[in-house]
Amino acid sequence: MMVVHRAIRQDLRRLAASLAEIAGRGAPPSQARAIGRYTAALLAEILAHHENEDEVLWPVIAATAGQAVDLAPLTDDHRAIEAAVGRASQALASFRAHPRTHAELPASVAGLRDMLDEHITDEEKQIIPAMRRYLPAEAYRWCEKQIQRKVPWSRLRFTAPWLARYAQPDELTRLLATGGRPARILLAATRPRYARLERRAFAASRPVHARHAPNRISPSPRGGDHDQQNSHTP
């Protein structure tokens, strides 16, 4: 969950920065196509993440935490974010049709970035402590399995290397351990394609400074687990 949040926030930041940078000069056709593909994949990840929270994780948290946590404001945020993603998708369609006149896309992505920065900050302040306190580890593992089953192969080709890019070494170790050998094979198979798309999409982008540096290690890092080891969610 934390890796997904980090990936969403940092990718929206660098995408907004990249779009602002090319707004005045346009992008070469190959970069414009890559930006279109990358942006569409990122928007799909945002929608899928919120759908997984609404349909899988939130009901389980509500059942275990009861009145200790109020999910209504966060659910309302999801509706507003879905509308913002819809606007960004419309702007993306215009960008793909006319890459050199894409004033709407930078603005819509920047607005989505700001909205999700605020939402994720609120969510992590409220939900993570409640999960640690009330949600048994086996319940969270059940949620993870339900979410994993919903991801189609067409999305995994982006999702797997995208999450690996933003995972810290110990986080990636745990992610790969959960998926076992198939997860390592999947990551090895999808990383080159993702790397090519990323290079083309962000060819001229300036680096975006963030708290966590993107992960550029091998698919099987060695990292320590700094989380508490108890009977509840790690």
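A salt bridge here is a side-chain nitrogen of Lys or Arg within 4 Å of a carboxyl oxygen of Asp or Glu, and the structure holds 13 of them. Keep that in mind as we walk around.

Before you click, know that this is a predicted model: local features need pLDDT of at least 70, side-chain atom pairs count only at pLDDT 80 or more, and totals for chains, interfaces and linings use all residues. Residues are numbered from 1 along each chain as its sequence is written, and side-chain values use heavy atoms, with hydrogens and water left out.

**Stop 1: the whole chain**

Switch to cartoon view. You'll find seven helices and zero strands, and the pattern along the sequence reads α-α-α-α-α-α-α. Helices (H or I, at least four residues) and strands (E, at least two) are DSSP runs, numbered from the N terminus. Of the 234 residues in the chain, 44% are buried. Buried means under 20% relative accessible area, exposed means over 50%, and partly exposed is in between (1.4 Å probe, protein chains only).

**Stop 2: Glu-171 and Arg-6**

Select these two and show their side chains. They form a salt bridge, with the closest N and O atoms 2.8 Å apart. Glu-171 sits in helix H7 and Arg-6 in helix H1 (residues 2-22), so this pair links distant parts of the chain, 165 residues apart. Glu-171 and Arg-6 are both buried.

**Stop 3: Arg-165 and Glu-198**

Next, pick Arg-165 and Glu-198, whose side chains meet in a salt bridge at 2.3 Å, N to O. Arg-165 is in helix H6 (residues 153-166) and Glu-198 is in helix H7, so the pair ties together parts that are 33 residues apart in sequence. Both residues are buried.

**Stop 4: Arg-174 and Asp-170**

Arg-174 and Asp-170 both lie in helix H7, four residues apart, about one turn of the helix. Their side chains meet in a salt bridge (3.5 Å, N to O). Which of the two is buried and which is partly exposed? Arg-174 has a relative accessible area of 28%, so it counts as partly exposed, while Asp-170, at 13%, is buried.

**Stop 5: the positive patch**

Show the surface and select Arg-33, Arg-37, Arg-96, Arg-157, Arg-193, Arg-196, Arg-199 and Arg-200, which gather in a patch of positive charge. Patches are made of residues with over 30% relative accessible area and no salt bridge; like charges are joined within 9 Å, nonpolar side chains (Val, Leu, Ile, Met, Phe, Trp, Tyr) within 5 Å. Which helix gives the largest share of the positive patch? H7 does, with four residues. Helix H2 (29-65) and helix H7 (169-201) each supply at least two. Zoom in on Arg-33, found in helix H2: at 55% relative accessibility, Arg-33 counts as exposed.

**Stop 6: Thr-39**

Stay in helix H2, where Thr-39 is also found. Thr-39 is buried, with a relative accessible area of 1%. Leaving aside neighbours within four places in sequence, Thr-39 is in contact (heavy atoms within 4.5 Å) with Leu-15 and Leu-92.

**Stop 7: Pro-136**

Finish at the loop between helix H4 (104-134) and helix H5 (137-150), the place of Pro-136. Pro-136 counts as partly exposed, at 22% relative accessibility. Select Thr-64 too: the two C-alpha atoms are separated by 8.4 Å, though the residues are 72 apart along the chain.

Notes: Areas by Shrake-Rupley, 256 points an atom, 1.4 Å probe, with all protein chains shown as cover. Lys, Arg positive; Asp, Glu negative; His and termini not counted. Charge placed at Lys NZ, Arg CZ, Asp CG, Glu CD.
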